[in-house]
Amino acid sequence: MTRLPTGGLIDRTTVLSFTFDGRPYAGHPGDTLASALLANGVHRVATSVNRGRPRGIMAAGVEEASALVQLEAPFPEPMLSATTIELYEGLVARGLPGRGTLADRPDPGRYDAMHVHCDVLVVGAGPAGLMAALTAARAGSRVALVDDQPMVGGSLLGTRGELSDWSASVLAELTSTPEVLVLSRTTAFGYYDDGFVLALQKRTDHLGAAAPDNAARQRIWRIRAKQVILATGAHERPVVFADNDRPGVMLAQAGRTYLNRYGVLAGNRIVVFTTNDSAYVAAVELAEAGAEVTVVDPRTDLAPFWAAECARVGIAVRPGHLVTGTTGEERVTGVHLAAYPSGGASATVHCDLLLVSGGWNPTVHLFSQAGGKLEYDAELGAFLPVAGLPGAGVLGAGVLGVRVSGAAAGAVSLADCLAGGAAEAVAALSDLGVAARPVASPPVGTDRVETAGLVLWAAPVEISLDGSDLSDTRFVDLQRDATVSDVLRATGAGLRSVEHVKRYTTIGTAHDQGKTSGLIASGITADALGVDIADLGTTTFRPPYTSVSFAALAGRDRGAIFDPVRVTAIHPWHIEHGAQFEDVGQWKRPLCYPRRTASGGLEDLPAVVARETRAARTGVAMMDGSTLGKINVQGVDAGEFLDRIYTNIISTLKPGFVRYAVMCGMDGMILDDGTVMRVADTEFVLTTTTGNAAKVLDWLEELAQTEWPDLRVHLTSVTEQWATIPVVGPLSRQVIAAVAPALDVSNEAFGFMTWRSAKIVGIEARICRISFSGELAYEVNVPSWYGIAVWQALFDAGQPYGITPYGTETMHVLRAEKGYPIIGQDTDGTVTPQDLGMSWVVSKKKLDFVGKRSFSRTENQRPDRKHLVGLLPVDRSVLLDEGAQVLADDDVSQLPVAMLGHVTSSYRSVALGGTFGLALVRSGRDRIGERLFAWQDGEVVPVTVTGPVLYDQEGARRDG
Amino acid sequence: MQLISCPWCGPREEAEYHYGGQAHVAYPHEVGALSDADWAHYLFFRDNPRGPFAERWVHAAGCRRWFNAVRDTGTHEILAVYRIGEPQPELGRQASR
Amino acid sequence: MTAEHVSPSKLPMPLSPLDGWQAAFDALPDVVAVSEITFTAQLNLRVDPSGAAAGAVAKVLGSALPVQPCTSTRSGDFLLLWLGPDEWLILAPEGAGLELETALREAIGDGPGAVTDVSAQRSTLALSGPASRELLAKGCSIDLHPKVSPTGTCVQTLVAQTGIIIVVRDETASDFLLLVRASFAQYFAAWLIDAGVELTGGC
Amino acid sequence: MTGPTAVPEHPEFLWRNPEPKPFYDIVVVGGGGHGLATAYYLARNHGITNVAVLEKGWLAGGNMARNTTIIRSNYLWDESSAIYEHSLKLWEGLEEDLGYPILFSQRGVLNLAHSLQDVRDSVRRVNANRLNGVDAEWVDAAGVKELCPIVNISPDVRYPVLGATYQPRGGIAKHDYVAWGFARRADELGIDLIQNCAVTGLDVIGGKVVGVRTTRGDIATGKVALAAAGHSSVLASMVGLRLPIQSHPLQGLVSELLEPVHPTVVMSNAVHVYVSQAHKGELVMGAGIDSFNGYGQRGAFHIIERQMSAALELFPIFARAHLLRTWAGIVDTTPDASPIVGLTPIENLYLNCGWGTGGFKATPGVGWCFAHTVAHDKPHPYNAPFTLERFTSGALVDEHGAAAVAH
């Protein structure tokens, strides 16, 4: 065991059992999986993806590039970093050989999202972030502070309790301040436009199987901030050398964090290889904890303070040296040293832990995503934010700014981080017009950074590599098994851009997205090309900063509430009466109402449709047409407006009358059709097709507001205001007469294409004599609160006549028998009214209307455009496929075959005594009577071309 | 997600709006007199600059009003919003990067 | 029951879009209360607020129309919601719609404007309780903080996948009116109930 | 390299990095897939090698680096299926032709249908494809499940899968490998690939283009071929040419490496998802186009969130897969969702743009045809219908109206 008897921010009173790679272990609350494994002496946790090399734990946070695991319990989750999994009772995990495994069963977890608004968002609750948040909170601002750890403190958590009392007091003050939201276990993973930051909160993962069922496991916080302060710290970066991937090779700060935060001494004989002063504190603390420590530092001008400290605790220091390689298999057993810069191997030092520090990379991901500019700092060997992004300003939204403070801005000392956090908050508040004073920094000791660090990407190589050496073990990207040689191969191949090198080598594309490898790859590339890394730059910092599960992003928009189910007022009746439904856009519409058959089964669709159509053609039937879009149009210019919209004239329509109308787009193609009812001189009600309701209203509003603002016309959606019930069939008059005794339903008094007001069961109804079936029909419109009552009344009144409810399929058959097109089925956005044979609906008198000019284009004038025609299979028992292609010839031996068009609608018809179809066919109206062939899935069906109207061509039935 | 300022309702999330393309493309007078080419240009040809672009939006989920905006298509930053009928404001800005 | 048995004097029972949902609303945690307010009269009013008819309209309504965007005005039994620069939604007591529609149409006369009965177009929900803002924040991007959205605020926006009108009836009681198109009402109700599975009352 | 996720190594040498010469017979503007393929076929098919490809950034760093690599040819209209099928046939021999492991994997493409109208449109397209010599079949929901067992075909979901069109010869390829394969061959044949070279102007004298101004100096040339995808409008505007094109962000995303679960390519227009599992094991997905014009190479996050919801409706087992990286490209869309490939009103200036979401799959096909167009000053029969003039005559090739299948 490597757990020390005391120390750390873990709860030693509670023991958590967990399983890793099939073996049982124990840890404590406060542990990560990584710290618990190290406490149990487990260093090797994974296997590299391509080369099968043992891999261990190299970090203590999200920058981990090596220790990838698969969670198995309580629920499988692929590819997580062991350093970011909080330990819980019953955790089962295994090390990954590069690829994760998805569960084969549904995820029982809940996920949700929450919007939050604030004046100041602080990302990162380290010293800079705490100071920024406190400064903003004391100024009375609305503050959100997010941090990915379960407790605040950031880098302080890896120290021997530095400022821990202060951190606790700041947290206490923040959480007790109104208008301050502190979110722990929350990673801000993306900056989007205008102060919009997305953050993922892991809310119950640390509870394991004990997580409450009703709690969202993870939550996406959608944070809209006026000012964003990024106090995201920095990631230590390694130095690349041979066999730098062995378990037991770790970042220096990670070694210190495991010691101080988790009470784990990760090795007993430790080599600390550093190019800068920051790792010395780790060396000293580890030595004081009982380890035998050797420091290897390529610099020769060592800081006197640290030299003295090392001497004090018995650390051997090897200045002017560096690590060029390691030994060991499952765990590092020793390091090779060489003199620097002269080269030449000098010694091998035995060890069981190698800590490495090559300097620090400020965490600039969010800043870069916000559009912030980065500049290379040669002294730090890192890209730093040039300045904040103040005042990008959304109109009317207040000032929006993005600032960076603390180590993310390149601050090195704790004192600078603290002061910087407060200063950035003051500046941010000032941009918001809030005068604030920085809160006072807590007292800290003098930071012991005395000597400039050495920027070193990779240890020089002992042997010359020609760039194709597959035995190279100097890993730049551990997860991708990509080495220095790979980078050199890329530059040798002619590549000059870091983006190309990234793609050639795959460096930076793995789970860690190159947090520790990206800059090093740039550095090695720059050196190889002999250019300045400042000019070469880095690859892009794409969101998300850390990986986010698909389910978290989907949130609650899943299953039953994935997308709205729109229903009509009469919907409960349809359910009660066994309707089968069809999705039409977001609506559920009854497709048909199957009945029980004598044998106890359900009628199949052809049987239902035969029964329903027969009722409509010979008796009476009714359907729920409420999904039709309805638009109330009012204003003295309403008629003029509609004249411009529709292809036919509307203004001549008289109150009390109804007209069928077609509208086109500017391109002259049919957009929609429906009826126009004139309610009064200055008031109309239009209907649209179900699927186009929103589109048509938007289109009319666009024209009314932007093209013709001079017209006095107002549009209001009344789609849900009215329940619409067509009552169809030769006996429909009797039914209407029964429910509306005061209404004269005679053809003379209530003619075709007129409408009347009448009371039905006491409810004011608008009844239109319109027909989409060719039969005598009435369309009953009532306020939708009374939809079911009136439907029921009609149903009851129709019982003596065998009234039959019908669905969309029967509706389609009835209209197709009459050659009435369905927009979107018989048209596809390339069809004009003339193509449908509906020139009669296109006004010749009107000077202009939407789409008119397009009719005279060359293409519209072609005689061989496709026309809507009817098709009768020669064998009337054969049902054409909707979508069958129409051919002039049945010889299809030579591909490609010229196609004349396609079957748009096809049904079995009781009324027609067989099957029939509608089709769009090139020069179709000139081919009436011809024999053509429908080709469907290899079958050739001979058909005869007819006009589109196949039933009651003389229109004798509409008046009953 | 962008914030777009409706001239009436103020800043709202982009999801509340529908995009309407280039602004100030008037329906031509006397369309019957237009050549096919001129009509095609009205129908299908729109500016597509990188940089400031006067365009139309409608606050579809809000007040349903159409309005105009000048937005930098390179940075997505909205430089001005103005109501239908108001002239396009002069902007001293240069095109984006 | 057949048609001839219906007494003409007795109107059938109207059904609201969320008929049958109250039990599910009642099962929500105590930190929110949701109920459907049924059968209020609702009129969509279009009028030029600076035009001649505006005064006559104000007389009918007992109050000037709110012209500040995203606000509402209470006038006796009427609630006047700003929907657009020349558009309002008037909420009136059950049964008052026809009379009010007639009066408003008279007030507008031949001038520009429109009055449309939309009583059944939307379902109206009352939402209150300490967690009501948290509940809405799960799907709504509007800042409903009392300082930003005080009593009287009326916004049209999106909650999850549906359009909505949110009226702040009482900022301190966290009391909201929510109006959703009737065909979306059951979706929205299902969404609310699902959102209520985990409510803390905090946030 | 070995291991389950290993993909073939790139070659030891890719291309030179030449300085621009003062004159080229042909300058291709845009070093993406289309530009590189055009250059390659100019040399290979027409023997024209005094050619420069000018790229403002790094080769194939635009949409070529940002697409979801789906390859198929099952478009509705004759004109579209002809050029895409020509392309698919070239894909089938491309690895050999280029001598580069482009990892073309003909794993089949499924386009799901979720409504009865989807079914009609799908059947229509399948029949048209077959009569055009394009492999296509209609499969029912059970058939979908057989081809891709992880698709949820339960009838109880919001938009049940009613079936799909299936093109067995469709699939995916590895985009960098494709672009680099063209680039390497073009370079070998003597074509200069010039990076970090932005075009700042086009010199036109007497209605003829004669030169290109660039950030790396002026270049005289006999012909200019524009192949700059989302940036075409900006380039065309340099010579006062207006295009019926709007540039929009289109986002894509990728997951971590996962054990194989998804053997094919699934696209669903109704719920706006298309997804495949790439060679190393990552799930690659695309979303819908952002509505607004934008050159910012970033889109709105709610598009991604909505796409994840849709993906989980179809593939519940993706719940705990992780989003690793998102990005956006700039797609140039036309009013009829078909490209513009051909001559322009300016002599010796040629245009290839407007591919919307279809550009990657067309790469070899359009390279072939565009090279022909430039070399002969006359469209190849396959791109002859895709003129700029069609917007005037009305002879559109309306792919979105008809088939409603993007990407």
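This is a predicted model: local features need pLDDT of at least 70, side-chain atom pairs count only at pLDDT 80 or more; totals for chains, interfaces and linings use all residues.
Author: A salt bridge here is a side-chain nitrogen of Lys or Arg lying within 4 Å of a carboxyl oxygen of Asp or Glu. Side-chain values use heavy atoms, with hydrogens and water left out, and residues are numbered from 1 along each chain.

Reader: How many salt bridges are counted between chain D and chain B?

Author: The count is one salt bridge, formed by D:Arg242 with B:Asp47, whose closest N and O atoms are 2.8 Å apart.

Reader: What area do chain D and chain B bury between them?

Author: The size of an interface is often given as the accessible area lost when the parts come together. Buried area is taken with a 1.4 Å probe and summed over both parts; chain D and chain B bury about 2,100 Å², 52% of it on carbon and sulfur atoms. In chain D, the residues that lose the most area to chain B are D:Arg242, D:Phe292 and D:Tyr295, together 31% of what that side buries.

Reader: How many residues does each chain bring to the contact?

Author: With contact meaning heavy atoms within 4.5 Å, chain D gives 25 residues and chain B gives 25 residues.

Reader: How confident is the predictor in the model, and in chain C?

Author: The model scores ipTM 0.96 and pTM 0.96, and chain C averages a pLDDT of 93, with 94% of the residues scoring at least 70. Over residues 1-8 of chain C, however, pLDDT stays under 50.

Methods
Chains are lettered from A and ligands numbered from 1 in the order in which they are written. Buried area is the accessible area (1.4 Å probe) that two parts lose on being put together, summed over both. pLDDT is the predictor's confidence in each residue, from 0 to 100.
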